[in-house]
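The sequence and the model are shown first, and the description follows.

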Amino acid sequence: MMNASVIYASLTGNNEEVAEIVVQQLKDKGLDPELTEISQADAEDLEDDDLIVIVPYTDGEGELPDEGMDFYEDIQDLDLTGKVFGVTGSGDTFYGDDYCKAVTYFDKQIAGTGATRGAEPLFINLQADDEDKKHLDAFTDALLKASNAA
């Protein structure tokens, strides 16, 4: 069976909910993903995964979550060639250009490891609604399609 991890950082609970939606969708599609809060995650463990999903929040004026900085920095030392990844996260459009910047930062960081982007970064405004759940379903479908092709 394919090893999958969903790693999240959540300040308001919105990203934890997004991560749980992704986990449930992956379970519905036959996987058994591991859900981990980012401060408890070890970047080296990503080397054991076939499919990686990161769900970070953006703090302040476009910053990464403090509790995820070590994880973020440790990613750059990995070779994740052959792994498939996707990054999604909740933010608030009120912050304009800083909206969901952490999603973009994590996407670029993981792409630099040789991993395959299975789905384009997905931004969710505040709490996931029914439309967002459809977008997340398409996101997880794309990840699985890319994983099966890898």
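## A charged residue and its surroundings

Where is Asp 45 found? Asp 45 is located in the loop between strand 2 (34–37) and strand 3 (51–55); helices (H or I, at least four residues) and strands (E, at least two) are DSSP runs, numbered from the N terminus. Asp 45 has a relative accessible area of 44% and is therefore partly exposed, where buried means under 20% relative accessible area, exposed over 50%, and partly exposed in between (1.4 Å probe, protein chains only).

Asp 45 belongs to a negative surface patch, whose members include Glu 44, Glu 47 and Asp 48. Helix 2 (residues 69–75) supplies the largest share of this patch, three residues. Patches are made of residues with over 30% relative accessible area and no salt bridge, like charges being joined within 9 Å and nonpolar side chains (Val, Leu, Ile, Met, Phe, Trp, Tyr) within 5 Å.

## Basis of the description

This is a predicted model, in which local features need pLDDT of at least 70 and side-chain atom pairs count only at pLDDT 80 or more, while totals for chains, interfaces and linings use all residues. Residues are numbered from 1 along each chain as its sequence is written, and side-chain values use heavy atoms, with hydrogens and water left out.

## Overall architecture

The protein chain contains four helices and six strands, arranged from the N terminus in the order β-α-β-β-α-β-α-β-β-α. Its C-alpha trace spans about 40 × 35 × 25 Å along the principal axes.

For 150 residues, a compact globule would have a radius of gyration near 15 Å, and the 14 Å of the protein chain agrees with this; the radius is taken over C-alpha atoms, and the globule rule is 2.2 Å times the number of residues to the power 0.38. Buried residues account for 49% of the 150 residues.

## Salt bridges

The structure holds four salt bridges, each defined as a side-chain nitrogen of Lys or Arg within 4 Å of a carboxyl oxygen of Asp or Glu. Among them is the pair Lys 29 and Asp 137 (2.7 Å, N to O). Lys 29 lies in the loop between helix 1 and strand 2 and Asp 137 in helix 4 (residues 130–149), so this pair ties together parts that are 108 residues apart in sequence.

Arg 117 forms a salt bridge with Asp 107, with the closest N and O atoms 2.8 Å apart. Arg 117 is partly exposed at 34% relative accessibility, whereas Asp 107 is buried at 6%.

How values were computed: Accessible areas come from the Shrake-Rupley method with a 1.4 Å probe; for residues, only the protein chains shown count as cover. Lys and Arg count as positive and Asp and Glu as negative; His and the chain ends are not counted. The place of a charge is taken as NZ of Lys, CZ of Arg, CG of Asp or CD of Glu.
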